[in-house]
Amino acid sequence: MVNKLKTIFEGLLFLSGDEGVSIQQLTSCVEEATKDEIEQAIHEMMDEYLKDTHGIELVCFGGIYKFVSKESVYPYAQRLFSSSKVAALSNAAMETLAIIAYKQPITRVEIEEIRGVSCDMMIRKLLARNLIKECGRTDSPGRPFLYEVTCEFMDAFKLKSLKELPELPEYKQENEEELFE
């Protein structure tokens, strides 16, 4: 059964492309298999694709399994796609993205309070790159949108979960009186 599952999953993973699939999606597609059999098949596939005979590997980021090219393919892919360079994120975009990742769900106003500057444009850019998404609205006046990071964010930063983000340093807040002594 596990070999049959691996064949099915390979096809499904190929078809899903960058979107990838979760264990829950695979379980709902293959009702005749148990969750243990499905997990065994996925883990065996991950081990098989680590071998040097493949140019791709099966990874799991944010609970989503997908195929990615191996690091050894990178220089060749770079030559293949050298004409289409992806613009890097600016410092302002990275700051905004970091605030959302650490504080999600969060509103634009809350982000602006932390950054001290307007972030309308940064939010639009991050939405356009699909690194963040709207995840609801608050009940406060005006019902502002709440933002959170997407699976593409998890993918771009190679995170399995947000718990892998580095811990923020603790800052001791000084009393105003101490500042003027």
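Predicted model: local features only at pLDDT ≥ 70, side-chain atom pairs only at ≥ 80, totals over all residues.
Q: Okay, which residues of H1 are buried?

A: Start with the general idea: an α-helix has 3.6 residues a turn, so residues three or four places apart point the same way. Here, the buried set in H1 is Val2, Leu5, Lys6, Phe9, Leu13 and Ser16. Those residues cover an arc of only 100 degrees around the axis, so they end up on the same side of H1.

Q: And what covers the buried residues of H1?

A: The cover includes helix H2 (23-29) and helix H3 (35-49), along with strands E1 (56-61) and E2 (64-69). Turned away from the buried side is a face with the exposed residues Asn3, Thr7, Phe14 and Leu15. Just after H1 comes Gly17, with a positive phi of about 55 degrees.

Q: Now for a helix pair: how do the axes of H5 and H7 cross?

A: In general, you describe two packed helices by the angle between their axes and the distance between the axes. For H5 (residues 91-103) and H7 (residues 120-128), the axes come within 9 Å and cross at roughly 80 degrees. An angle of 65 to 115 degrees counts as roughly perpendicular, so that's what H5 and H7 are to each other.

Q: Which residues meet there?

A: From H5, Ala92, Ala93, Thr96 and Leu97 meet Met122, Ile123 and Leu126 of H7. Sorted by class, the contact of H5 with H7 has six nonpolar residues, one polar and no charged ones.

Conventions:
Residues numbered from 1 in each chain as written. Heavy atoms only, no water. Buried < 20%, exposed > 50% of the residue type's maximum accessible area, 1.4 Å probe, protein only. Helix = DSSP H or I, 4+ residues; strand = E, 2+ residues; numbered from the N terminus. Arc of directions from axis to C-beta. Contact = heavy atoms within 4.5 Å. Axes fitted to C-alpha atoms, helices over the stretch in contact; angles between N-to-C directions. Parallel < 35°, antiparallel > 145°, perpendicular 65-115°, else oblique. Nonpolar A, V, L, I, M, F, W, Y, C, P; charged D, E, K, R; others polar.
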